[in-house]
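Welcome, and please open your viewer. We will go from stop to stop, selecting one part at a time.

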2 protein chains.
Amino acid sequence: MKHEKAFFSKWEDLDQEKYLILDYYFESTIDPYVAAAHLCQEQSTAQWKRVDVDEDLRPQFGSKVIDLQVERQPETPSLPYQVETWEKLWGARVKIAYPIANFGPRIPNMLTAVGGEGVYYSPGIYAIKLHDIIFPHEYLEQFEGPKFGIEGLREWTGVYDRPFFLGVIKPNIGLAPEPFGELAYKSWMGGLDIAKDDELLCDTEWSPFAERTRVLGRLRKEAEEKTGKRCVYLANITDEVDKMVELHDIGVKNGADMLMINAMCTGLSAVRMVRKHTEVPLVAHFDFIAPFTKAPFYGVHSRVITKLQRLSGCDMVIFSGLGDRMKTPQNEVMENINSCTDDMGPIKKSLPIPAGSQWAGSFGPLYKMMGHRDFAVVPGRAVFGHPSGPTAGAISLHQGWEATAKGIPLEEYAKNHKELAQAIKQFTGKEIEQ
Amino acid sequence: MKHEKAFFSKWEDLDQEKYLILDYYFESTIDPYVAAAHLCQEQSTAQWKRVDVDEDLRPQFGSKVIDLQVERQPETPSLPYQVETWEKLWGARVKIAYPIANFGPRIPNMLTAVGGEGVYYSPGIYAIKLHDIIFPHEYLEQFEGPKFGIEGLREWTGVYDRPFFLGVIKPNIGLAPEPFGELAYKSWMGGLDIAKDDELLCDTEWSPFAERTRVLGRLRKEAEEKTGKRCVYLANITDEVDKMVELHDIGVKNGADMLMINAMCTGLSAVRMVRKHTEVPLVAHFDFIAPFTKAPFYGVHSRVITKLQRLSGCDMVIFSGLGDRMKTPQNEVMENINSCTDDMGPIKKSLPIPAGSQWAGSFGPLYKMMGHRDFAVVPGRAVFGHPSGPTAGAISLHQGWEATAKGIPLEEYAKNHKELAQAIKQFTGKEIEQ
């Protein structure tokens, strides 16, 4: 193929409300202009005319390169196992306008266009990563997005002027509903906002969903009466997709007042299905996302998945945050936070939850990085493994945030706050004298 | 963490019908025995006891290392961007027994366990790839699997003793149902078994699914009357998951007699949902699979996804096959073929379709590699871009297969078969004298 003009356009020459903008990095063994034209062809009008007809379907149905910058000329391929021999290599950033009418407001079909066979098997391109998707306003209007958004979440929970405190009930797997519920109850008594199921916990024989939500629904109301504040139970409805609406109904009836979905395990479209039906806020957990987001030169950038989870209707999005275990650069964490809260026209904001081995000491770095309070932490061990138990664990979170909000060093604040002192011991090994 | 004995077991000491076997390769910056114990902990009982209770949930709910082989001591990390500093590196292959009762016969929850946060964010492991899952018989019995299987497909289509000839109707995008149907009709007249929608084609304004299936349903019956043989129309029902059962019903009523799903774009569980309902064979297309299968040291091996598509109920699985564009090593292609046809107890076989830029010349290498005829080819351009049109294109496939089956060199056979000669010219540039 030549450098086909039909697959190139100026952005200002297009009806911009009718196109997605796709932002890819790719590496090619061929002239990147030719490679980019191939990419457009493969992901849209692979064959643009009938054999015996004088026609050209590309102007209307072809995707179009609107910007191409050759950024690098790598000496060796970033993904060596995808290319055996080469004369010359190019690393390029390309922006492509994709005609929305090819698929419409359908998440699975959009995914096919932006991340399907055509994209990852394009001639001459051996490595490619989808970095971003920009959606026009008209397109976004055809999605529901989060039902509550951040403002709605604050009304739903009564949590204002500070981050939300979630806690993953642990032991995550293996407890029957009653002892599991007792742990949640203890955490609510310490002021935890939202006690949640682990992503691994589902509707099992040893913890049937109906029974679990009944127990925790009852206990959270008891805790609300005792504490005079809202206590939320976030139940995991991740299951076969033809079961999820039913689980929603059972959970909500029994008193679960938020629901979690492991979005890439069910598929984003299943999240959207539940969103159309839901009466309570929806929370996305980040399973099966790392496998295609962690390589810098291949796959999909995590911000795209965060955006799509928001578009699918998640009020909160949990993603990999700071810390050694998460192996996620700070700028990537920040990009995911921004994907939750950046303007998306008619689509409400999702609450960002940059997760991973959090505790009372996690507020400082997050607050400093973000500069605002519209986020949540979601520790497990820091609440439910706290040496004095879940009530003390929840208290330690409040103390950690108070210190951060007041600008008092954590260890200083811990001198008069024993639950925080215990948490510091638990997570850093350091003894704080009381 | 120490090298915790609770996360290790001998396979023969376990109730083997109650466990999946997970086969991972990982690279660690820490002792691989400790790393493997961490991995089990993260993917199962992250915290295995309550703070104030003397208990241990690991024997019942913990996943267990049943084999660990240190294969390499890499000098530099395979995924350098995941690890900044190291003293020593290990590359290990580990087999883990995972207790099925943690999630039961639920695909999204199984995915969470085998490829969720716990697996890809395990301490000390900076690269990990899920290579295989072995399912016990009892577990497989809880899935439907393919409704037809290979034998059922042969009965459904009347295609015996040779590979199936599929063709992707092209132009794939942009044609209204009538001209689109005319192309399919021409291909059936040349003997194509199954004319199919492209994976990018869905229910759009310019080609509404109901109208398209009506037109092609009528035309395929006309073609059956004319040719006296079975002519199949494979319609793509990939859409939002709450729409797919309805599209199945519309399509089947209108005469579409196979249905396609871009399985990882809808989610595997949506495929299973359709499987429980379907009246016709289901076909999986390979979109959004490359992003997490192509890196050799990270993500998931493609054979796992092929197995899961079979488990979800796909009668045919299309995956990346031979050829430069597909960047897939021959052994990986063969592993995917075997994942379709290896014994899976009560689960029927899927027909393997190793795809990518195929034509009449593709039979030879595939047949030689596989040694049997239980496969399909799925060309687009070779049928619908054939210089003499789709009828000649379909004929060229028959000729290509005949030459292969008879052991006659393609160019030799082409001397008396002009459609094949034209195909050779189209794909290799070589003129064959008639």
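This is a predicted model: local features need pLDDT of at least 70, side-chain atom pairs count only at pLDDT 80 or more; totals for chains, interfaces and linings use all residues.

In which order do the strands of the open sheet of eight strands in chain A lie? The order is β12-β11-β9-β8-β7-β6-β5-β13, and the pairing is parallel.

Stop 1: Select residues 351-355 and 376-377 of chain A, which are β12 and β13. These two strands stand at the edges with a single partner strand each, so each has one side without a neighbour in the sheet. Now move to β7 (residues 232-236) and β8 (residues 258-262) of chain A, a parallel pair held over three bridges.

**Stop 2: the nonpolar core.** Next, select A:A184, A:I318, B:A184 and B:I318. The largest nonpolar core has 280 residues, and these four touch the most other members. Stay on A:A184 and show its surroundings: apart from neighbours within four places in sequence, A:A184 is in contact with A:I169, A:A195, A:L216, A:L219 and A:Y233.

**Stop 3: a strand in chain B.** Switch to residues 19-28 of chain B, which form strand β1. Eight of its ten residues are buried, so β1 of chain B is largely enclosed by the rest of the structure. Click on B:D23 to see both pairings: B:K95 stands opposite B:D23 in β3(B), while the bridge partner of B:D23 in β4(B) is B:D132.

**Stop 4: where the chains meet.** Show both chains together. How many residues does the contact take from chain B and from chain A? It takes 82 residues from chain B and 82 residues from chain A. On chain B, several elements supply at least two residues each to the side that touches chain A, including α2 (58-61), α3 (107-115), α11 (268-277) and β10 (299-300). Among these contributors, α3(B) gives the most, with seven residues. Colour that side of chain B by residue type and you get 39 nonpolar, 26 polar and 17 charged residues.

**Last stop: the symmetry.** Finally, superpose chain B on chain A: a rotation of 180° with 0.0 Å of shift along its axis does this, with an RMSD of 0.0 Å. That is the relation of a two-fold axis. Both copies use the same surface, as 100% of the contact residues of chain B recur in chain A.

How values were computed: Residues are numbered from 1 along each chain as its sequence is written. Chains are lettered from A and ligands numbered from 1 in the order in which they are written. Two residues are in contact if their C-beta atoms, placed from the backbone, lie within 7 Å. Helices (H or I, at least four residues) and strands (E, at least two) are DSSP runs, numbered from the N terminus. Ala, Val, Leu, Ile, Met, Phe, Trp, Tyr, Cys and Pro count as nonpolar, Asp, Glu, Lys and Arg as charged, and the others, Gly among them, as polar. Copies are superposed by least squares on the C-alpha atoms of residues with pLDDT of at least 70 in both. A nonpolar core is a set of buried Ala, Val, Leu, Ile, Met, Phe, Trp, Tyr and Cys residues joined through C-beta atoms within 7 Å. A residue is buried if 20 or more other C-beta atoms lie within 10 Å of its own, exposed if 12 or fewer, and partly exposed in between; C-beta atoms are placed from the backbone. Two strands pair if DSSP finds at least two bridges between them.
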